[in-house]
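Please examine the sequence and the three-dimensional structure shown here. The paragraphs that follow explain how charged side chains connect parts of the chain.

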Amino acid sequence: MLKQRVITALILLPIMLGMLYQASDGLWAIFCGLIALLVLWEYGRLCGMAKTQNHHFLAATAVFGITAYAGDWMLPTISWLMVLAFWFVIMPLWLYKKWTLKPDWKAYVTGLMLALPFWFALTGLRPDGESASSLLAIMGLVWVADIFAYFFGKAFGKRKLAPSISPGKSWEGAIGGAACVTVYMLWVWSAGWLAFDVSWPGAILIGWVLTAVSIGGDLLESWFKRSANVKDSSHLLPGHGGVFDRVDSLIAVLSVYAAIMAILG
């Protein structure tokens, strides 16, 4: 398993970095669209959608994405406010109430709330190759929070964060991850990699908020899988599970970060 994970990571990382820094705007939009559609496909399977139903959902979303890119559409402020409402209100309620999804209109709405802002964030935060480092810096926050939460949890974890959803997560791990994100955000702020001007306390506060959102995104996807009684969202990535498994926290963090940017102007 470890060997598979390493091999897959060694293949995917250069592809991701190459696309991030070298791809044209159009190719980057297509690449990000493919990721979003794969997430949506896996999400549909977790919801119990039939193949035909899932395919129609993907096709309609793809047509919308192509039209949006061709028309240079941007999400209005009200849409970004809805994104914030989803991640700051609906997501915690979802985890608390442990709602389950069925293949109905609520599943469609939730899927679009996951995939579309994520795609708009990826394309909007990287309008050209020169903006790649700023986007990578926010992605790095997710990886720092996740990696150090794992090690702090292994070393000191005693109090479970969400035992019925993800037994491996602990409050000690989350706090340790947030502490490391504090140092990381100070470095990112001093390097000027944030996409907007903010003081260093503001950078730390944003880092803490995004860390909490990152954990929430991970837990939400874990609950989807637990509700569907599966271990991974798919088996597309050997040793890693599915695409949704790899980008669950990124979906939440990038959507919220893009929403903050859009609302702050």
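The description begins with the record and then turns to the salt bridges.

This is a predicted model, in which local features need pLDDT of at least 70 and side-chain atom pairs count only at pLDDT 80 or more, while totals for chains, interfaces and linings use all residues. Residues are numbered from 1 along each chain as its sequence is written, and side-chain values use heavy atoms, leaving out hydrogens and water.

The unreviewed UniProt entry places the feature "transmembrane region" at several spans, including residues 27-43 and 77-95; such positions follow the numbering used here, feature names are shortened, and annotations may be inferred rather than shown by experiment. Residues 27-43 are 100% helix, with end C-alpha atoms 24 Å apart. Helices (H or I, at least four residues) and strands (E, at least two) are DSSP runs, numbered from the N terminus.

The whole structure holds five salt bridges, each being a side-chain nitrogen of Lys or Arg within 4 Å of a carboxyl oxygen of Asp or Glu. In one of them, Asp25 meets Arg126 at 3.7 Å, N to O. Asp25 lies in helix α2 and Arg126 in the loop between α5 and α6, so the pair ties together parts that are 101 residues apart in sequence. Arg126 is buried, at 1% relative accessibility, whereas Asp25 is partly exposed, at 39%; buried means under 20% relative accessible area, exposed over 50%, and partly exposed in between (1.4 Å probe, protein chains only).

Asp245 and Lys225 form another salt bridge, their closest N and O atoms being 2.9 Å apart. This pair links helix α9 to helix α8, and shared partners join Glu221, Lys225 and Asp245 into one network.
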